[in-house]
Amino acid sequence: MPDVGVMVPLVAIFGGLIWLLVRAIRGREVERRVIFIFIFVAVATPILFPITFQEHATPVVKDLFDRIENLPPGSTILMSFDFDPAMAPEVQPMANALARHSLTREHKIVFMCLWATGQSLLNTTLEYVIKPDFPHLVDGVDFVNVGYKAGNEGVLNVIVSDFKKMFPTDVNGVPLDSIEIFDKVGSCRDFDLILTVGGGRPGPKEWVLFVGDPANVPIGAGVAAVVAPQLYPYYPRQVIGILGGIKGAAEYESELAQTHPRFEDMEKPGLRMMGPQTLAHVVIMAFIVIGNIAFFRGRRGRKTE
Amino acid sequence: MNRSTYIVVGVVVVLFLLSWILKAVSLSGEDHRYILHGFLITMSAFLTLAIFSFLYRDNPFYKFAEHLFVGVSAAFWMTQGFWSTIVGNLIPRLSAGFSEFFMVPHQPSPWNIAYWIPVILGILLLMRLSAKYGWLSRWPLALIVGTTAGLNFVRYLRSDFIVQVSSTFVPLLGREPHQWQGGGAFISHLDLSATGQLAALLTNWIIFLGVFCGIVYFFFSKEHTGVFGRASRVGIWVLMITFGASFGYTVMGRISLLVGRVTFLFRDWLELIS
(Lines give C-alpha, C1' and ligand atoms only; values in the text may rest on other atoms or scores of the structure.)
Protein backbone atom coordinates (compact mmCIF):
# COMPACT_ATOMS: atom_id res chain seq x y z
CA MET A 1 0.00 0.00 0.00
CA PRO A 2 2.57 2.64 -1.03
CA ASP A 3 -0.13 5.27 -1.69
CA VAL A 4 -1.32 5.16 1.92
CA GLY A 5 2.34 5.20 3.03
CA VAL A 6 2.90 8.39 1.06
CA MET A 7 -0.40 10.07 1.89
CA VAL A 8 -0.19 9.75 5.69
CA PRO A 9 3.21 11.53 6.03
CA LEU A 10 2.18 14.11 3.41
CA VAL A 11 -0.98 14.92 5.33
CA ALA A 12 1.09 15.09 8.53
CA ILE A 13 3.62 17.44 6.89
CA PHE A 14 1.12 19.82 5.34
CA GLY A 15 -1.16 19.70 8.39
CA GLY A 16 1.87 20.56 10.52
CA LEU A 17 2.82 23.42 8.20
CA ILE A 18 -0.68 24.90 8.51
CA TRP A 19 -0.40 24.57 12.30
CA LEU A 20 2.95 26.40 12.16
CA LEU A 21 1.44 29.08 9.93
CA VAL A 22 -1.34 29.66 12.44
CA ARG A 23 1.24 29.89 15.25
CA ALA A 24 3.29 32.33 13.19
CA ILE A 25 0.24 34.50 12.53
CA ARG A 26 -0.46 34.53 16.27
CA GLY A 27 3.14 35.62 16.83
CA ARG A 28 4.38 32.50 18.62
CA GLU A 29 7.95 31.12 18.34
CA VAL A 30 8.72 27.78 16.67
CA GLU A 31 11.31 25.46 18.23
CA ARG A 32 14.14 24.88 15.70
CA ARG A 33 14.02 21.10 16.28
CA VAL A 34 10.49 21.09 14.87
CA ILE A 35 11.98 22.24 11.55
CA PHE A 36 14.47 19.34 11.64
CA ILE A 37 11.64 16.86 12.18
CA PHE A 38 9.72 18.28 9.22
CA ILE A 39 12.75 18.01 6.96
CA PHE A 40 13.45 14.45 8.14
CA VAL A 41 9.88 13.34 7.43
CA ALA A 42 9.91 15.13 4.06
CA VAL A 43 13.13 13.31 3.10
CA ALA A 44 12.32 9.91 4.62
CA THR A 45 8.83 9.50 3.15
CA PRO A 46 9.83 9.45 -0.54
CA ILE A 47 12.74 7.13 0.30
CA LEU A 48 10.44 4.58 1.92
CA PHE A 49 7.65 5.10 -0.63
CA PRO A 50 9.40 6.27 -3.81
CA ILE A 51 7.94 9.22 -5.67
CA THR A 52 9.50 9.68 -9.11
CA PHE A 53 9.40 12.55 -11.57
CA GLN A 54 10.11 12.82 -15.28
CA GLU A 55 13.36 14.63 -16.04
CA HIS A 56 14.47 16.14 -19.34
CA ALA A 57 18.05 17.18 -20.06
CA THR A 58 18.54 20.93 -20.03
CA PRO A 59 20.96 22.40 -22.61
CA VAL A 60 23.86 22.55 -20.13
CA VAL A 61 23.53 18.79 -19.49
CA LYS A 62 22.58 17.89 -23.05
CA ASP A 63 25.71 19.53 -24.44
CA LEU A 64 27.94 17.23 -22.39
CA PHE A 65 25.81 14.21 -23.25
CA ASP A 66 25.99 15.04 -26.96
CA ARG A 67 29.75 15.52 -26.83
CA ILE A 68 30.29 12.04 -25.40
CA GLU A 69 27.68 10.61 -27.75
CA ASN A 70 29.28 12.15 -30.83
CA LEU A 71 32.95 11.43 -30.11
CA PRO A 72 34.22 8.75 -32.48
CA PRO A 73 34.43 5.29 -30.84
CA GLY A 74 37.87 4.66 -29.38
CA SER A 75 38.33 8.25 -28.23
CA THR A 76 40.33 8.67 -25.06
CA ILE A 77 38.63 10.26 -22.06
CA LEU A 78 40.26 11.24 -18.78
CA MET A 79 37.92 10.98 -15.82
CA SER A 80 38.88 12.36 -12.44
CA PHE A 81 37.15 11.42 -9.19
CA ASP A 82 37.72 14.46 -6.99
CA PHE A 83 35.33 13.92 -4.12
CA ASP A 84 34.89 12.22 -0.76
CA PRO A 85 32.22 10.02 0.84
CA ALA A 86 30.38 13.11 2.12
CA MET A 87 29.85 14.32 -1.45
CA ALA A 88 29.36 10.84 -2.90
CA PRO A 89 25.53 10.60 -2.68
CA GLU A 90 25.36 13.64 -4.90
CA VAL A 91 28.19 13.17 -7.39
CA GLN A 92 28.76 9.41 -7.56
CA PRO A 93 25.54 8.96 -9.62
CA MET A 94 27.02 11.43 -12.13
CA ALA A 95 30.32 9.56 -12.23
CA ASN A 96 28.53 6.26 -12.76
CA ALA A 97 26.31 7.63 -15.54
CA LEU A 98 29.24 9.33 -17.30
CA ALA A 99 31.35 6.15 -17.09
CA ARG A 100 28.47 4.00 -18.38
CA HIS A 101 27.84 6.36 -21.27
CA SER A 102 31.50 6.66 -22.24
CA LEU A 103 32.10 2.91 -22.16
CA THR A 104 28.93 2.06 -24.04
CA ARG A 105 30.15 4.42 -26.79
CA GLU A 106 33.38 2.34 -26.79
CA HIS A 107 35.58 5.16 -25.58
CA LYS A 108 38.73 4.41 -23.61
CA ILE A 109 38.75 5.86 -20.09
CA VAL A 110 41.69 6.79 -17.89
CA PHE A 111 40.50 7.08 -14.29
CA MET A 112 42.39 9.18 -11.76
CA CYS A 113 41.83 11.08 -8.50
CA LEU A 114 43.06 14.35 -7.06
CA TRP A 115 41.46 13.44 -3.72
CA ALA A 116 42.82 10.55 -1.66
CA THR A 117 39.25 9.61 -0.77
CA GLY A 118 38.36 9.44 -4.45
CA GLN A 119 40.32 6.23 -4.88
CA SER A 120 37.94 4.05 -2.86
CA LEU A 121 34.91 5.68 -4.50
CA LEU A 122 36.48 5.06 -7.90
CA ASN A 123 36.88 1.41 -6.90
CA THR A 124 33.16 1.36 -6.04
CA THR A 125 32.32 2.52 -9.57
CA LEU A 126 34.69 -0.03 -11.10
CA GLU A 127 33.37 -2.86 -8.92
CA TYR A 128 29.63 -2.21 -8.87
CA VAL A 129 29.03 -0.42 -12.18
CA ILE A 130 31.67 -1.19 -14.78
CA LYS A 131 32.33 -4.86 -14.01
CA PRO A 132 28.64 -5.91 -13.93
CA ASP A 133 27.54 -3.71 -16.86
CA PHE A 134 30.58 -4.25 -19.06
CA PRO A 135 31.98 -7.69 -18.15
CA HIS A 136 33.74 -7.99 -21.52
CA LEU A 137 35.90 -4.90 -20.97
CA VAL A 138 39.47 -5.46 -19.83
CA ASP A 139 41.28 -3.39 -17.21
CA GLY A 140 44.37 -1.93 -18.86
CA VAL A 141 42.93 -2.24 -22.37
CA ASP A 142 39.52 -0.55 -22.37
CA PHE A 143 40.04 1.47 -19.23
CA VAL A 144 42.87 2.07 -16.81
CA ASN A 145 42.97 3.29 -13.24
CA VAL A 146 46.05 5.37 -12.46
CA GLY A 147 44.87 6.20 -8.95
CA TYR A 148 45.61 9.13 -6.69
CA LYS A 149 48.55 11.50 -6.48
CA ALA A 150 49.04 14.09 -3.78
CA GLY A 151 49.78 17.64 -4.87
CA ASN A 152 46.45 19.16 -5.89
CA GLU A 153 47.08 21.87 -8.51
CA GLY A 154 50.71 20.75 -8.65
CA VAL A 155 49.58 17.43 -10.13
CA LEU A 156 47.54 19.25 -12.78
CA ASN A 157 50.44 21.52 -13.55
CA VAL A 158 52.61 18.50 -14.34
CA ILE A 159 50.14 16.30 -16.24
CA VAL A 160 49.14 19.15 -18.50
CA SER A 161 52.55 18.74 -20.13
CA ASP A 162 53.67 15.20 -19.15
CA PHE A 163 51.17 12.67 -17.81
CA LYS A 164 53.60 9.81 -17.22
CA LYS A 165 55.93 12.00 -15.19
CA MET A 166 53.31 12.21 -12.45
CA PHE A 167 51.70 8.81 -13.05
CA PRO A 168 54.50 6.43 -14.04
CA THR A 169 52.33 3.35 -13.33
CA ASP A 170 48.70 2.43 -12.87
CA VAL A 171 47.35 1.41 -9.44
CA ASN A 172 48.51 -2.16 -10.00
CA GLY A 173 52.10 -1.04 -10.60
CA VAL A 174 51.96 -1.64 -14.36
CA PRO A 175 54.09 0.98 -16.19
CA LEU A 176 51.95 3.24 -18.35
CA ASP A 177 54.44 2.79 -21.21
CA SER A 178 53.24 -0.80 -21.51
CA ILE A 179 49.53 0.14 -21.63
CA GLU A 180 48.07 0.55 -25.10
CA ILE A 181 45.83 3.51 -24.22
CA PHE A 182 48.93 5.54 -23.46
CA ASP A 183 50.52 4.91 -26.85
CA LYS A 184 48.86 8.08 -28.09
CA VAL A 185 48.63 9.93 -24.78
CA GLY A 186 51.62 11.91 -23.57
CA SER A 187 49.87 14.71 -21.75
CA CYS A 188 46.40 16.04 -21.02
CA ARG A 189 46.46 17.75 -24.41
CA ASP A 190 46.11 14.33 -26.04
CA PHE A 191 42.79 13.46 -24.39
CA ASP A 192 39.69 13.98 -26.49
CA LEU A 193 37.70 14.97 -23.42
CA ILE A 194 38.31 15.46 -19.72
CA LEU A 195 35.52 14.70 -17.27
CA THR A 196 35.93 15.97 -13.74
CA VAL A 197 33.53 14.96 -11.02
CA GLY A 198 33.77 16.71 -7.66
CA GLY A 199 32.93 19.83 -5.80
CA GLY A 200 35.75 20.90 -3.55
CA ARG A 201 39.30 22.01 -4.07
CA PRO A 202 40.97 20.75 -6.18
CA GLY A 203 38.00 20.11 -8.41
CA PRO A 204 36.36 21.20 -11.65
CA LYS A 205 37.44 24.83 -11.26
CA GLU A 206 41.10 23.85 -10.94
CA TRP A 207 40.77 21.57 -13.97
CA VAL A 208 39.55 24.56 -15.99
CA LEU A 209 42.26 26.86 -14.66
CA PHE A 210 45.24 24.52 -14.86
CA VAL A 211 44.36 22.17 -17.74
CA GLY A 212 41.31 23.16 -19.78
CA ASP A 213 42.27 26.73 -20.60
CA PRO A 214 46.09 26.40 -20.90
CA ALA A 215 45.94 23.18 -22.94
CA ASN A 216 42.73 23.98 -24.78
CA VAL A 217 41.18 20.61 -23.88
CA PRO A 218 37.38 20.30 -23.67
CA ILE A 219 36.23 19.81 -20.11
CA GLY A 220 32.92 18.46 -18.87
CA ALA A 221 32.06 18.70 -15.20
CA GLY A 222 29.83 16.94 -12.72
CA VAL A 223 29.72 19.07 -9.61
CA ALA A 224 28.18 19.15 -6.17
CA ALA A 225 25.31 21.61 -6.05
CA VAL A 226 27.10 23.88 -3.58
CA VAL A 227 29.73 24.88 -6.13
CA ALA A 228 27.62 24.64 -9.30
CA PRO A 229 26.79 28.39 -9.41
CA GLN A 230 30.51 29.18 -9.37
CA LEU A 231 31.05 26.98 -12.41
CA TYR A 232 28.20 28.20 -14.63
CA PRO A 233 30.09 31.32 -15.80
CA TYR A 234 32.56 28.94 -17.50
CA TYR A 235 29.80 27.44 -19.64
CA PRO A 236 29.87 27.01 -22.63
CA ARG A 237 33.25 28.43 -23.57
CA GLN A 238 35.51 26.96 -20.87
CA VAL A 239 33.35 24.01 -19.81
CA ILE A 240 31.32 22.26 -22.50
CA GLY A 241 28.64 20.99 -20.12
CA ILE A 242 27.83 20.83 -16.42
CA LEU A 243 25.85 18.39 -14.30
CA GLY A 244 24.91 20.59 -11.36
CA GLY A 245 23.95 18.68 -8.24
CA ILE A 246 21.61 15.73 -8.12
CA LYS A 247 19.28 17.43 -10.59
CA GLY A 248 22.04 17.29 -13.22
CA ALA A 249 22.66 13.63 -12.42
CA ALA A 250 18.94 12.85 -12.77
CA GLU A 251 18.77 14.64 -16.12
CA TYR A 252 21.80 12.74 -17.39
CA GLU A 253 20.44 9.38 -16.23
CA SER A 254 17.15 10.14 -17.93
CA GLU A 255 18.85 11.11 -21.20
CA LEU A 256 21.07 8.02 -21.05
CA ALA A 257 18.10 5.70 -20.55
CA GLN A 258 16.18 7.34 -23.41
CA THR A 259 19.09 7.22 -25.85
CA HIS A 260 20.42 3.79 -24.87
CA PRO A 261 17.49 1.50 -23.99
CA ARG A 262 19.84 -1.06 -22.39
CA PHE A 263 20.08 1.34 -19.44
CA GLU A 264 16.32 1.72 -18.96
CA ASP A 265 16.35 -0.78 -16.10
CA MET A 266 19.61 0.33 -14.53
CA GLU A 267 19.67 1.76 -11.06
CA LYS A 268 19.02 5.52 -11.29
CA PRO A 269 19.97 7.03 -7.91
CA GLY A 270 19.81 10.56 -9.31
CA LEU A 271 16.20 10.19 -10.44
CA ARG A 272 15.31 8.36 -7.24
CA MET A 273 16.66 11.22 -5.13
CA MET A 274 14.54 13.82 -6.88
CA GLY A 275 11.48 12.72 -4.87
CA PRO A 276 13.00 13.59 -1.47
CA GLN A 277 14.54 16.70 -3.04
CA THR A 278 11.22 17.99 -4.30
CA LEU A 279 9.32 17.37 -1.08
CA ALA A 280 12.11 18.84 1.07
CA HIS A 281 12.25 21.94 -1.15
CA VAL A 282 8.50 22.43 -0.85
CA VAL A 283 8.80 22.23 2.95
CA ILE A 284 11.73 24.67 3.00
CA MET A 285 9.83 27.13 0.78
CA ALA A 286 6.86 26.83 3.12
CA PHE A 287 9.15 27.62 6.05
CA ILE A 288 10.52 30.68 4.23
CA VAL A 289 6.95 31.93 3.70
CA ILE A 290 5.99 31.20 7.33
CA GLY A 291 9.19 32.87 8.56
CA ASN A 292 8.45 35.98 6.52
CA ILE A 293 4.88 36.13 7.79
CA ALA A 294 6.16 35.89 11.36
CA PHE A 295 8.78 38.57 10.67
CA PHE A 296 6.42 41.11 9.09
CA ARG A 297 3.77 40.45 11.70
CA GLY A 298 6.32 40.96 14.46
CA ARG A 299 7.55 44.19 12.86
CA ARG A 300 4.00 45.51 12.53
CA GLY A 301 3.39 44.67 16.19
CA ARG A 302 6.52 46.57 17.25
CA LYS A 303 5.50 49.59 15.14
CA THR A 304 2.03 49.59 16.74
CA GLU A 305 3.61 49.59 20.21
CA MET B 1 29.43 11.85 35.03
CA ASN B 2 26.09 11.69 36.76
CA ARG B 3 23.73 8.73 36.96
CA SER B 4 21.61 9.66 33.93
CA THR B 5 24.76 9.86 31.77
CA TYR B 6 25.69 6.31 32.80
CA ILE B 7 22.18 5.15 31.90
CA VAL B 8 22.29 6.82 28.45
CA VAL B 9 25.76 5.38 27.69
CA GLY B 10 24.61 1.94 28.87
CA VAL B 11 21.49 2.04 26.67
CA VAL B 12 23.56 3.09 23.64
CA VAL B 13 26.09 0.27 24.26
CA VAL B 14 23.31 -2.30 24.59
CA LEU B 15 21.59 -1.04 21.41
CA PHE B 16 24.91 -1.12 19.58
CA LEU B 17 25.58 -4.73 20.59
CA LEU B 18 22.02 -5.73 19.75
CA SER B 19 22.26 -4.11 16.33
CA TRP B 20 25.63 -5.81 15.71
CA ILE B 21 24.23 -9.24 16.58
CA LEU B 22 21.05 -8.78 14.52
CA LYS B 23 23.00 -7.41 11.56
CA ALA B 24 25.53 -10.24 11.69
CA VAL B 25 22.71 -12.80 11.85
CA SER B 26 20.96 -11.23 8.83
CA LEU B 27 24.24 -11.24 6.84
CA SER B 28 25.31 -14.74 7.87
CA GLY B 29 23.61 -16.48 4.93
CA GLU B 30 25.25 -14.41 2.19
CA ASP B 31 28.53 -13.11 3.59
CA HIS B 32 31.31 -15.25 5.08
CA ARG B 33 32.71 -12.22 6.97
CA TYR B 34 29.34 -11.42 8.46
CA ILE B 35 30.62 -10.58 11.97
CA LEU B 36 33.04 -7.96 10.63
CA HIS B 37 30.57 -6.50 8.16
CA GLY B 38 27.82 -6.51 10.78
CA PHE B 39 30.12 -4.49 13.04
CA LEU B 40 31.11 -2.06 10.26
CA ILE B 41 27.51 -1.35 9.23
CA THR B 42 26.46 -0.92 12.87
CA MET B 43 29.44 1.37 13.49
CA SER B 44 28.54 3.46 10.41
CA ALA B 45 24.94 3.75 11.59
CA PHE B 46 26.08 4.68 15.11
CA LEU B 47 28.42 7.39 13.81
CA THR B 48 25.70 8.76 11.49
CA LEU B 49 23.22 8.98 14.36
CA ALA B 50 25.92 10.42 16.64
CA ILE B 51 26.50 13.26 14.17
CA PHE B 52 22.75 13.82 13.75
CA SER B 53 22.37 13.97 17.54
CA PHE B 54 23.95 17.45 17.41
CA LEU B 55 20.65 18.69 15.98
CA TYR B 56 19.16 18.04 19.41
CA ARG B 57 22.10 19.52 21.29
CA ASP B 58 25.86 19.12 21.76
CA ASN B 59 26.72 15.81 23.44
CA PRO B 60 29.64 13.38 24.00
CA PHE B 61 28.54 11.03 21.19
CA TYR B 62 28.70 13.87 18.69
CA LYS B 63 32.13 14.92 19.99
CA PHE B 64 33.40 11.33 19.74
CA ALA B 65 32.22 11.01 16.12
CA GLU B 66 33.63 14.43 15.19
CA HIS B 67 37.06 13.73 16.71
CA LEU B 68 37.17 10.28 15.13
CA PHE B 69 36.34 11.76 11.72
CA VAL B 70 39.06 14.41 11.95
CA GLY B 71 41.68 11.91 13.14
CA VAL B 72 40.86 9.24 10.58
CA SER B 73 40.75 11.81 7.76
CA ALA B 74 44.17 13.22 8.64
CA ALA B 75 45.71 9.76 8.92
CA PHE B 76 44.06 8.56 5.71
CA TRP B 77 45.29 11.52 3.65
CA MET B 78 48.80 11.19 5.08
CA THR B 79 49.12 7.48 4.32
CA GLN B 80 47.62 7.90 0.86
CA GLY B 81 50.07 10.73 0.15
CA PHE B 82 53.00 8.60 1.33
CA TRP B 83 52.11 5.52 -0.69
CA SER B 84 51.01 7.30 -3.86
CA THR B 85 53.61 10.03 -4.16
CA ILE B 86 56.67 9.15 -2.07
CA VAL B 87 56.53 5.40 -2.76
CA GLY B 88 54.84 5.76 -6.16
CA ASN B 89 56.91 8.58 -7.65
CA LEU B 90 60.04 9.28 -5.63
CA ILE B 91 61.36 5.90 -4.48
CA PRO B 92 61.42 4.32 -7.99
CA ARG B 93 63.58 7.20 -9.23
CA LEU B 94 65.98 7.18 -6.28
CA SER B 95 66.87 3.63 -5.43
CA ALA B 96 66.56 0.10 -6.86
CA GLY B 97 66.82 -1.38 -3.37
CA PHE B 98 64.01 0.69 -1.93
CA SER B 99 61.90 0.04 -5.05
CA GLU B 100 62.28 -3.68 -4.47
CA PHE B 101 61.46 -3.26 -0.78
CA PHE B 102 58.25 -1.35 -1.54
CA MET B 103 57.47 -3.62 -4.51
CA VAL B 104 57.27 -0.82 -7.10
CA PRO B 105 58.97 -0.98 -10.52
CA HIS B 106 62.35 0.77 -10.46
CA GLN B 107 62.82 3.58 -12.98
CA PRO B 108 66.57 3.93 -13.56
CA SER B 109 67.45 7.57 -13.97
CA PRO B 110 70.67 9.59 -13.59
CA TRP B 111 71.25 11.39 -10.30
CA ASN B 112 69.09 14.48 -10.33
CA ILE B 113 69.02 17.13 -7.63
CA ALA B 114 65.41 17.93 -8.59
CA TYR B 115 64.36 14.71 -6.84
CA TRP B 116 66.23 15.59 -3.64
CA ILE B 117 65.01 19.15 -3.21
CA PRO B 118 61.43 18.07 -2.38
CA VAL B 119 62.80 15.42 -0.01
CA ILE B 120 64.80 18.03 1.90
CA LEU B 121 61.89 20.50 1.91
CA GLY B 122 59.52 17.77 3.08
CA ILE B 123 61.80 16.92 6.00
CA LEU B 124 62.10 20.62 6.85
CA LEU B 125 58.31 20.86 6.84
CA LEU B 126 58.14 18.10 9.45
CA MET B 127 60.49 20.14 11.69
CA ARG B 128 57.36 21.98 12.74
CA LEU B 129 56.88 19.14 15.20
CA SER B 130 60.09 20.16 16.98
CA ALA B 131 60.01 23.10 19.42
CA LYS B 132 63.69 23.85 18.84
CA TYR B 133 63.86 23.57 15.04
CA GLY B 134 60.30 24.51 14.19
CA TRP B 135 61.46 27.71 12.51
CA LEU B 136 62.99 25.63 9.70
CA SER B 137 59.49 24.67 8.51
CA ARG B 138 58.94 28.29 7.45
CA TRP B 139 61.26 27.85 4.46
CA PRO B 140 59.28 25.13 2.65
CA LEU B 141 56.04 26.81 3.75
CA ALA B 142 57.21 30.08 2.18
CA LEU B 143 58.05 28.20 -1.01
CA ILE B 144 54.61 26.55 -1.07
CA VAL B 145 52.81 29.84 -0.52
CA GLY B 146 54.93 31.70 -3.06
CA THR B 147 54.67 29.02 -5.74
CA THR B 148 50.93 28.62 -5.25
CA ALA B 149 50.38 32.38 -5.39
CA GLY B 150 52.49 32.68 -8.54
CA LEU B 151 50.79 29.79 -10.32
CA ASN B 152 47.32 30.87 -9.29
CA PHE B 153 47.93 34.48 -10.31
CA VAL B 154 48.63 33.51 -13.91
CA ARG B 155 45.84 30.92 -14.10
CA TYR B 156 43.19 33.10 -12.48
CA LEU B 157 44.18 36.11 -14.58
CA ARG B 158 43.66 34.09 -17.74
CA SER B 159 40.57 32.00 -16.86
CA ASP B 160 38.69 34.15 -14.37
CA PHE B 161 39.47 37.57 -15.79
CA ILE B 162 40.54 37.75 -19.43
CA VAL B 163 38.42 34.86 -20.74
CA GLN B 164 35.46 35.88 -18.56
CA VAL B 165 35.61 39.46 -19.81
CA SER B 166 35.74 38.30 -23.42
CA SER B 167 32.87 35.85 -22.75
CA THR B 168 30.75 38.80 -21.64
CA PHE B 169 31.01 40.37 -25.10
CA VAL B 170 28.04 38.46 -26.47
CA PRO B 171 26.29 39.32 -29.76
CA LEU B 172 23.03 40.95 -28.70
CA LEU B 173 21.29 40.00 -31.93
CA GLY B 174 22.39 36.35 -31.77
CA ARG B 175 24.98 34.29 -33.62
CA GLU B 176 25.11 30.95 -35.41
CA PRO B 177 22.93 28.93 -35.35
CA HIS B 178 20.65 31.84 -34.38
CA GLN B 179 22.00 34.53 -36.71
CA TRP B 180 19.74 37.61 -36.85
CA GLN B 181 17.90 37.63 -40.19
CA GLY B 182 15.61 40.57 -39.47
CA GLY B 183 12.44 41.12 -37.46
CA GLY B 184 10.16 39.42 -39.98
CA ALA B 185 12.19 36.23 -40.07
CA PHE B 186 12.47 36.29 -36.28
CA ILE B 187 8.68 36.47 -35.79
CA SER B 188 7.79 34.03 -38.56
CA HIS B 189 10.28 31.44 -37.18
CA LEU B 190 9.58 32.18 -33.53
CA ASP B 191 10.84 29.29 -31.42
CA LEU B 192 9.96 29.34 -27.72
CA SER B 193 12.08 26.32 -26.75
CA ALA B 194 15.11 26.58 -24.44
CA THR B 195 17.42 26.14 -27.43
CA GLY B 196 15.54 28.55 -29.71
CA GLN B 197 16.51 32.01 -30.96
CA LEU B 198 14.32 33.87 -28.49
CA ALA B 199 15.94 32.10 -25.52
CA ALA B 200 19.41 32.76 -26.97
CA LEU B 201 18.62 36.47 -27.45
CA LEU B 202 17.17 36.83 -23.96
CA THR B 203 20.16 35.02 -22.44
CA ASN B 204 22.61 37.35 -24.17
CA TRP B 205 20.67 40.46 -23.14
CA ILE B 206 20.42 39.26 -19.53
CA ILE B 207 24.18 38.62 -19.44
CA PHE B 208 24.91 42.05 -20.90
CA LEU B 209 22.48 44.00 -18.70
CA GLY B 210 23.24 41.91 -15.60
CA VAL B 211 26.99 42.46 -15.84
CA PHE B 212 26.58 46.15 -16.70
CA CYS B 213 24.15 46.88 -13.84
CA GLY B 214 26.16 44.77 -11.41
CA ILE B 215 29.27 46.82 -12.19
CA VAL B 216 27.27 50.05 -11.86
CA TYR B 217 26.26 49.00 -8.32
CA PHE B 218 29.95 48.76 -7.34
CA PHE B 219 30.84 52.12 -8.93
CA PHE B 220 30.96 54.53 -6.02
CA SER B 221 32.55 57.60 -7.70
CA LYS B 222 29.12 58.89 -8.75
CA GLU B 223 26.02 59.27 -6.64
CA HIS B 224 23.44 56.54 -7.29
CA THR B 225 20.59 58.80 -8.46
CA GLY B 226 18.53 59.09 -11.64
CA VAL B 227 19.23 56.61 -14.45
CA PHE B 228 22.48 55.62 -12.77
CA GLY B 229 20.61 54.88 -9.54
CA ARG B 230 17.99 52.80 -11.35
CA ALA B 231 20.75 50.76 -13.05
CA SER B 232 22.32 50.31 -9.61
CA ARG B 233 18.99 49.03 -8.26
CA VAL B 234 18.82 46.52 -11.09
CA GLY B 235 22.40 45.54 -10.17
CA ILE B 236 21.27 44.79 -6.59
CA TRP B 237 18.47 42.61 -7.96
CA VAL B 238 20.96 40.72 -10.13
CA LEU B 239 23.17 40.13 -7.10
CA MET B 240 20.20 39.02 -4.97
CA ILE B 241 19.00 36.58 -7.63
CA THR B 242 22.55 35.20 -7.86
CA PHE B 243 22.72 34.74 -4.09
CA GLY B 244 19.27 33.14 -4.15
CA ALA B 245 20.38 30.68 -6.84
CA SER B 246 23.45 29.83 -4.75
CA PHE B 247 21.27 29.30 -1.69
CA GLY B 248 18.90 27.08 -3.66
CA TYR B 249 21.78 24.98 -4.93
CA THR B 250 23.21 24.76 -1.41
CA VAL B 251 19.87 23.50 -0.10
CA MET B 252 19.79 20.91 -2.88
CA GLY B 253 23.33 19.80 -2.01
CA ARG B 254 22.62 19.48 1.71
CA ILE B 255 19.37 17.61 1.11
CA SER B 256 21.25 15.21 -1.20
CA LEU B 257 23.70 14.44 1.61
CA LEU B 258 20.81 13.88 4.02
CA VAL B 259 19.14 11.59 1.48
CA GLY B 260 22.40 9.65 1.21
CA ARG B 261 22.63 9.06 4.96
CA VAL B 262 18.92 8.30 5.42
CA THR B 263 19.07 5.85 2.50
CA PHE B 264 22.05 4.14 4.17
CA LEU B 265 20.17 3.87 7.46
CA PHE B 266 17.00 2.51 5.82
CA ARG B 267 18.67 0.21 3.29
CA ASP B 268 21.98 -1.05 4.68
CA TRP B 269 21.24 -0.88 8.41
CA LEU B 270 17.53 -1.35 8.96
CA GLU B 271 16.86 -3.13 5.63
CA LEU B 272 13.53 -1.33 5.24
CA ILE B 273 14.11 -0.81 1.50
CA SER B 274 15.93 -2.89 -1.09
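Me: Where does B:Tyr156 lie?
Reply: B:Tyr156 lies in helix H6 of chain B, residues 138-168. Helices here are DSSP runs of H or I with at least four residues, strands are runs of E with at least two, and both are numbered from the N terminus. This is a predicted model, so local features need pLDDT of at least 70 and side-chain atom pairs count only at pLDDT 80 or more, while totals for chains, interfaces and linings use all residues. Residues are numbered from 1 along each chain as its sequence is written, and chains are lettered from A and ligands numbered from 1 in the order in which they are written.

Me: What does B:Tyr156 touch, leaving out residues up to four places away in sequence?
Reply: A:Leu209 and B:Phe161. A contact means that the C-beta atoms, placed from the backbone, lie within 7 Å.

Me: And why is B:Tyr156 called partly exposed?
Reply: Because 13 other C-beta atoms lie within 10 Å of B:Tyr156. With C-beta atoms placed from the backbone, 20 or more others within 10 Å count as buried, 12 or fewer as exposed, and anything in between as partly exposed.

Me: OK, the chain A/chain B contact. How many residues from each chain?
Reply: Chain A gives 46 residues and chain B gives 41. On the side of chain B that touches chain A, the elements giving two or more residues are helix H3 (60-94), H6 and H9 of chain B. H9(B) supplies the largest share of that side, 16 residues.

Me: What is the make-up of chain B's side?
Reply: It divides into 23 nonpolar, 16 polar and two charged residues. Nonpolar covers Ala, Val, Leu, Ile, Met, Phe, Trp, Tyr, Cys and Pro, charged covers Asp, Glu, Lys and Arg, and the others, Gly among them, are polar.

Me: At what angle do H4 of chain A and H9 of chain B pack?
Reply: H4(A), residues 88-104, and H9(B), residues 226-269, pack at about 90°, with their axes 8 Å apart. That makes H4(A) roughly perpendicular to H9(B), a label for angles of 65 to 115 degrees; under 35 is roughly parallel, over 145 roughly antiparallel, and the rest oblique. The axes are lines fitted to C-alpha atoms, for helices over the stretch in contact, and angles run from 0 to 180 degrees between N-to-C directions.

Me: Which residues make that contact?
Reply: From H4(A), A:Ala88, A:Pro89 and A:Glu90; from H9(B), B:Gly253, B:Ser256, B:Leu257, B:Val259 and B:Gly260. They divide into four nonpolar, three polar and one charged.

Me: Switching to the chain A sheet. What's the strand order?
Reply: S3-S2-S1-S4-S5-S6, an open sheet of six strands with parallel pairing. Strands pair if DSSP finds at least two bridges between them. S3 (143-148) and S6 of chain A stand at the edges with a single partner strand each, so one side of each has no neighbour in the sheet. The twist averages 15° from one strand to the next.

Me: Which helices pack on it?
Reply: H5(A), residues 118-133, packs on the sheet, touching S1 (76-82), S2 and S3 of chain A, and its direction makes about 160° with that of S3(A). H8(A), residues 204-215, also packs on the sheet, touching S1, S4 (193-198) and S5 of chain A, at about 150° to the direction of S4(A).

Me: In S6 of chain A, are the residues buried or exposed?
Reply: All are buried: A:Gly241 and A:Leu243 point one way from S6(A), residues 241-244, and A:Ile242 and A:Gly244 the other way. In a regular strand the side chains alternate between the two faces of the sheet. S6(A) pairs with S5(A), residues 219-223, in the parallel sense over four bridges, and A:Gly222 stands opposite A:Leu243.

Me: What is the phi of B:Met103?
Reply: Positive, about 60°, although B:Met103 is not a glycine. B:Met103 counts as exposed, with 8 C-beta neighbours inside 10 Å.

Notes:
Contact = placed C-beta atoms within 7 Å.
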